[in-house]
Amino acid sequence: MENINLIIPEIALFLGICLALMVGVFFKNSFSIVMKISILILLGVIYLILADWGGEQKIFLDSFKNDKFSDYFKVLILISSIFIFFSSDQFIKDKKLNKFEYPIIIMFSILGMFFMLSANDLILFYLGLELQSLALYVLASIDRDNIISSEAGIKYFVLSALSSGLLLYGCSLLYGFTGSTNFDEIGVSLITQNTGAIFAMVFILVGLAFKVSAVPFHMWTPDVYQGAPTSITNFFAVVPKAVGLAVIIRFMDLPFKNIIEEWQTIIIFISIASMILGSVAAIGQKNIKRLLAYSSISHMGYALAGVATGTVSGYTSTIIYITIYIIMNMGAFACLYLMKIDGKYSEKIEDLSGLSKERPMLSFSFLILFFSLAGIPPLGGFFAKFFIFMSVIESEMYILAIIGLLTTVISAFYYLKVIKIIYFDDNKIKFDDVRNLSIKATILLSCLFLSLYFISPSIIGSLLDGLFI
Amino acid sequence: MNFPILSSIIFLPLLGALFIFLSNKKNENSSAIYISIFTSIANLLLTFFLWYSFDNNFAGFQFIEEKNWISGLIKFKLGIDGISILFIVLTAFITPICIISCIISVKKRLNEFLIAILILETFMIGVFCSLDLIIFYLFFEAGLIPMFLIIGIWGGPRKIYSAYKFFLFTLLGSVLMLAAIIFIYWAVGTTDYTEIYKLKIPKEYQYLLWLAFFSSFAVKTPMWPVHTWLPDAHVEAPTAGSVILAAILLKMAGYGFLRFSLGMFPIASEFFTPLVFTLSIIAIIYTSLVALMQDDMKKLIAYSSVAHMGFVTLGIFTFNKQGIEGSMFQMISHGIISAALFLCVGVLYDRTGSRMIKSFGGVVNYLPNFSLIFIIFVLGALGLPGTTGFIGEFLVLLGAFKINYLVAILASTGVVLCAAYMLWLAKRVVFGDANNTIVTKLKDINYLEATILIILCLVSIVFGFYPEPLLNTMDISVNGIIQNHQNELTVNLINK
């Protein structure tokens, strides 16, 4: 008998989704109650994961693996999803997207991500990826009467299907050239210089780079960010990115461990390209969601720089980076929920002008979040970058470090632009007074974390001790 | 010493800022004013106490505080020596003056201005206290945020351009320093300054690392040709912003050169001395000539700052006692005198809304008290004996003559040019006939303005006649730097 305990969080999540679905089907206007049930389910799953924290074990012929690494990311995405549910509640209702499917689809994608994170086998990994992607296609076009949202959905569907196809092709090549679908066995048999397997690695990397929207596979990001409703964008910006990076680390750490010379060059290129394009292309943006899209591209570049080192400290720094990135983006998107003018949500950056006179607290939150995104000390974002550059320079990749540091200066420019519009320009538009505790709490928590992080910068790192062996 | 006095000095202003932030009520400025004055003066008294208990005869760092910060990597380490104590006192001394001046002149959003200044004080003192490179970098960079806001929110017509230029120039210079600091961590195994000082950085790395640090400090000093952000920032910043910028932010770079470039990279410092000398001489002569042609008083003083900082860098890289003590003295004197000059311009600007030289003239007839003080500072800036300005420049030139006649002679022309533009400024603004009817209706300075200007004036004159307290405080530390420098060079020669 396999040790079924390991998979209990997944089973619980699945049963919970079914329950929520039933409630949604049998009760009318059940959005709020499904939402509440979903939050409870996610909290319950967090409890289940924490109860069995750490400890590496494999089941189902070593295809499912539970370790501290997957546990950490699972808790991370659950917590961020809960915050998204809380803070986007008002927005969803205002946009009339309050159908009970919304939380259920999100939970399905989370279920898929759970399997991606725990997969120790190409087949299970691909199944998890597809479950996640299917849910995300629906989410991207959930505002189906809106033409931009539909366009975003289609765009995301076509490109993502293509990348999944490439990834699947890579997986099959990998199986063909190594004779196994198990990560550990692939890792062992890839010791020799196996040209076919390196082809496979490239295909898989392309598929994964698409998921984290790294250049040159970033085309979908700005459009989907802009087209999808803000709450969905919030989800897209945070959760799949974290999982994508986690999976990249998994692949590089396990099956591709021995061909580091081959993939390192590719990741370095992707990382540099993302940093440069993300910083330069964001300068001209007028829509704040597009700006955040390009900013996330450049952030992925920094996160990948940590992966590119191929060392434990590099992977750890990437995980720290993505954690702080999530916290910054949660806060930034929560601020977008407050950009409401005459009952309509605005996305134009220029509408923020002179906000500091009307809404000092909101402006101050923007200030902290955007300086943090720019990586200016003493805010949290600086430490995220600092740990990345620590490990990059440790691995003696000086060019990568210098380019990364110089692009922070370029990207500082567009973050400053938003600050400038808020603080230096004259007031034009008056925002509605949104009284919503959960949005404000999200912003407050995020800002507090970012501005107090300097007191103990090793706090996330200490959680990650012993993540890689 | 168990009481963490350095941390209290660093974080007290932050606490004050927090109080103002929490007591933030609309149209309710008085509590903010009292809190900010109280905090900054309490901090000043604390630093006086620090200076009083500072041991002048102890070589090395005192009041060391150490805490685990990033576990296993970096310690939060503070400590001061004879060089940093003076800058801490200068910072704590200038801040209350800034606060009083902005209470007089800032009309909109005073609360936020006071918060920004107090937070800035925290970061500035932090820079001078930190003994760990990462902590130093943290404070060094963090100061950009409040200063960016001060220029951008309360600045003049071209404030946005200037704020951007200030922020991006400084950031660009500093990121290379961050790369260098991280590299030092991996090359030496620590970023603790006292450890690096003992362990020594291998010679082959020193040149590039020196350049990385130089890129940051040169922008901040500012040295020619990266000085162009300074005139813009000064002109657009509000009076208190200009004062802090000139009096303290620029000194961070001089302090950085002295502490880090000289202390950690002695061989590279020696190697790059011709470069620094050339840039300093160009700064002194070129910016003095530019200053001659300015129409805007603030811009004139800004260019004179660049020239004065040229003396500072020149003095630091002479590697002898006169030069280094001279540049220390020059930094402190410039901190007081240029601050006072900006305040004087602020006084005129508050009354007329103009900083153009040609719109004034004959001010002495209508504002006699102001004119007296203004002339004293003008004379101080041009280095008249009896003011602090003289001692600084004199010692720097003395140090320069010791090692290179040509450099010293060229630098001396700067003194003459400085006299030219400063006296011409005084002549056009203070003397002559009033060009403008507005000037004839001006009121003389009030008590508050008079108080802060007279305090600055007294400090400048007292230390001008009796520089011993300052020189005594820094003496041992400066000797230590020179000694270390010479030892390293000797070791290097023997190895060759």
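This is a predicted model: local features need pLDDT of at least 70, side-chain atom pairs count only at pLDDT 80 or more; totals for chains, interfaces and linings use all residues.
Helices here are DSSP runs of H or I, at least four residues long, numbered from the N terminus.

Let's begin in chain A, with one residue. R144(A) sits in a loop. That loop runs between α5, residues 122–140, and α6, residues 147–178, of chain A. Is R144(A) buried or exposed? Count the C-beta neighbours inside 10 Å: there are 11. The cut-off for exposed is 12 or fewer. So R144(A) counts as exposed.

What does R144(A) touch, once we leave out residues up to four places away in sequence? The answer is S149(A) and S150(A). A228(A) is 84 residues from R144(A) in sequence. In space, C-alpha to C-alpha, the two are 9.8 Å apart.

Next, where the chains meet. On chain A, 23 residues are in contact with 25 residues of chain B. Two helices to find on the chain A side are α16, residues 380–394, and α17, residues 398–423. Each supplies at least two residues of the side that touches chain B. Which one gives the largest share? That is α17(A), with 11 residues.

Now over to chain B, and a pair of helices. Find α2, residues 30–53, and α4, residues 110–129, of chain B. Their axes come within 10 Å and cross at roughly 15°. Angles under 35 degrees count as roughly parallel. Therefore α2(B) is roughly parallel to α4(B). The crossing of these two helices is left-handed.

Which residues meet there? From α2(B), we have A32(B), S36(B), T39(B) and S40(B). From α4(B), they meet L110(B), N111(B), L114(B), L118(B) and E121(B). By class, this contact of α2(B) with α4(B) has 4 nonpolar, 4 polar and 1 charged residues.

Strand β1 covers residues 62–70, and strand β2 covers residues 74–80. They pair in the antiparallel sense, over 6 bridges. One pair to pick out is I70(B), whose bridge partner in β2(B) is I74(B).

Technical notes
Residues are numbered from 1 along each chain as its sequence is written. Chains are lettered from A and ligands numbered from 1 in the order in which they are written. Axes are lines fitted to C-alpha atoms, for helices over the stretch in contact, and angles run from 0 to 180 degrees between N-to-C directions. Angles under 35 degrees count as roughly parallel, over 145 as roughly antiparallel, 65 to 115 as roughly perpendicular and the rest as oblique. A crossing is left-handed if the near helix is turned anticlockwise from the far one by less than a right angle, and right-handed if clockwise. Two residues are in contact if their C-beta atoms, placed from the backbone, lie within 7 Å. Ala, Val, Leu, Ile, Met, Phe, Trp, Tyr, Cys and Pro count as nonpolar, Asp, Glu, Lys and Arg as charged, and the others, Gly among them, as polar. Two strands pair if DSSP finds at least two bridges between them. A residue is buried if 20 or more other C-beta atoms lie within 10 Å of its own, exposed if 12 or fewer, and partly exposed in between; C-beta atoms are placed from the backbone.
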